Amino acid sequence: LVNTRHILPKTKRSKKCYALTIHPAGLVVTTFITHTWWGLFHEFVEVLTKALSKEDVIWVCSFALYQHAVKEMLGDALQDSPFAKALLRADRHIVIIDSKFEVLTRAWCVYEAGLSLKQGKQVFFWMSTTSEFLMNSAEREEFHNKA
């Protein structure tokens with residue numbers, strides 16, 4: 001939804017990723033973010049708000065890759081992909097655990113965590129406090145009634 005409504009329309013004319021549309025000179029990434037497209041956006045934002053400082057520069061695929069030509073950017077070798085290159089440059093790695101734990105079943109996400117560990121980087125696993133997994137039945141019902 002964020003990609004369709006915001007990123008794609010704002011990047012089509014520039015033919016650049018969203019990050020370079022906003023910061024044409026680019027920024028040096030400090031923190032690589034792993035997440036799934038199926039995760040709830042409010043959980044994504046909550047985790048990043050808690051896990052990051054204002055000085056952190058994050059790498060998130062939807063913002064860092066030109067979404068109109070992702071397949072062309074990926075290439076043939078995983079180690080040459082934009083994901084791998086950004087991850088190797090980042091100081092730390094945050095994996096956002098979604099409500100359904102799907103991040104742990106996605107090949108790209110597991111590859112990213114494995115690459116970080118292979119490089120000796122710390123991998124931080126974060127879960128939203130609003131995750132349904134952490135709620136009791138009354139909290140879940142209240143949450144869904146508000147949504």
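Helix 7 is followed by G120, whose phi is positive, near 80°. Helices here are DSSP runs of H or I with at least four residues, strands are E runs with at least two, and both are numbered from the N terminus. The model is predicted: local features need pLDDT of at least 70, side-chain atom pairs count only at pLDDT 80 or more, and totals for chains, interfaces and linings use all residues. Residues are numbered from 1 along each chain as its sequence is written, and side-chain values use heavy atoms, with hydrogens and water left out.

The chain holds eight helices and four strands. From the N terminus on, the order of elements is α-α-β-α-β-α-α-α-β-α-β-α. Of the 147 residues in the chain, 36% are buried. Buried means under 20% relative accessible area, exposed means over 50%, and partly exposed lies in between (1.4 Å probe, protein chains only). Contacts were also counted across the chain, with contact meaning heavy atoms within 4.5 Å. Among contacts between residues at least 6 apart in sequence, 74% join residues at least 24 apart.

Helix 7 spans residues 107-118 and has twelve residues. From first C-alpha to last, helix 7 reaches 16 Å, close to the 16 Å expected at 1.5 Å a residue. The expected span is 1.5 Å times one less than the number of residues. Which residues of helix 7 are buried? They are C109, E112, A113, L115 and S116. These residues cover an arc of only 160° around the axis, which puts them on the same side of helix 7. The arc is that of the directions from the helix axis to the C-beta atoms. An α-helix has 3.6 residues a turn, so residues three or four places apart point the same way. On the other side of helix 7, A107, L117 and K118 are exposed. The cover over the buried residues of helix 7 includes strand 1 (31-34), helix 6 (82-89), strand 3 (92-97) and strand 4 (123-127).

Strand 1 contains F32. F32 is buried, with a relative accessible area of 0%. Leaving out residues up to four places away in sequence, F32 touches W59, F83, A86, L87, A90, R92, H93, I94 and E112. F32 and D91 are 59 residues apart in sequence, yet their C-alpha atoms are 8.0 Å apart in space. T31 also lies in strand 1. T31 is likewise buried, at 0% relative accessible area. The side chains of T31 and T30 are joined by a polar contact of 3.3 Å. A polar contact is a pair of N or O atoms within 3.5 Å; within protein, one must be able to donate a hydrogen and the other to accept it, and residues adjacent in sequence count only if both atoms are side-chain atoms.

Aromatic rings were paired next. Rings of Phe, Tyr and Trp (its six-membered ring) pair if their centres lie within 6.5 Å; planes under 30 degrees apart count as stacked, over 60 as edge-to-face and the rest as tilted. The count comes to four aromatic pairs. The rings of Y18 and F63 have centres 5.7 Å apart and planes at 50°, so this pair is tilted. Y18 lies in helix 2 (residues 18-22) and F63 in helix 4 (residues 61-64), so the pair ties together parts that are 45 residues apart in sequence. Y18 is partly exposed, at 22% relative accessible area. F63 is partly exposed as well, at 25%. In another pair, the rings of F32 and W59 have centres 4.9 Å apart and planes at 10°, so the pair is stacked. This pair links distant parts of the chain, with F32 in strand 1 and W59 in strand 2 (residues 58-59), 27 residues apart. W59 is buried, with a relative accessible area of 11%.

How many disulfides does the chain have? The count is zero, where a disulfide is a pair of cysteine sulfur atoms within 2.5 Å. For C61, the nearest cysteine sulfur is that of C109, 8.3 Å away. C61 is buried at 11% relative accessible area, and C109 is buried at 9%. H35 is in contact with both cysteines; apart from neighbours within four places in sequence, its contacts are F44, V60, C61, I96, V103 and C109. H35 sits in the loop between strand 1 and helix 3 (41-51). H35 is buried, with a relative accessible area of 16%.
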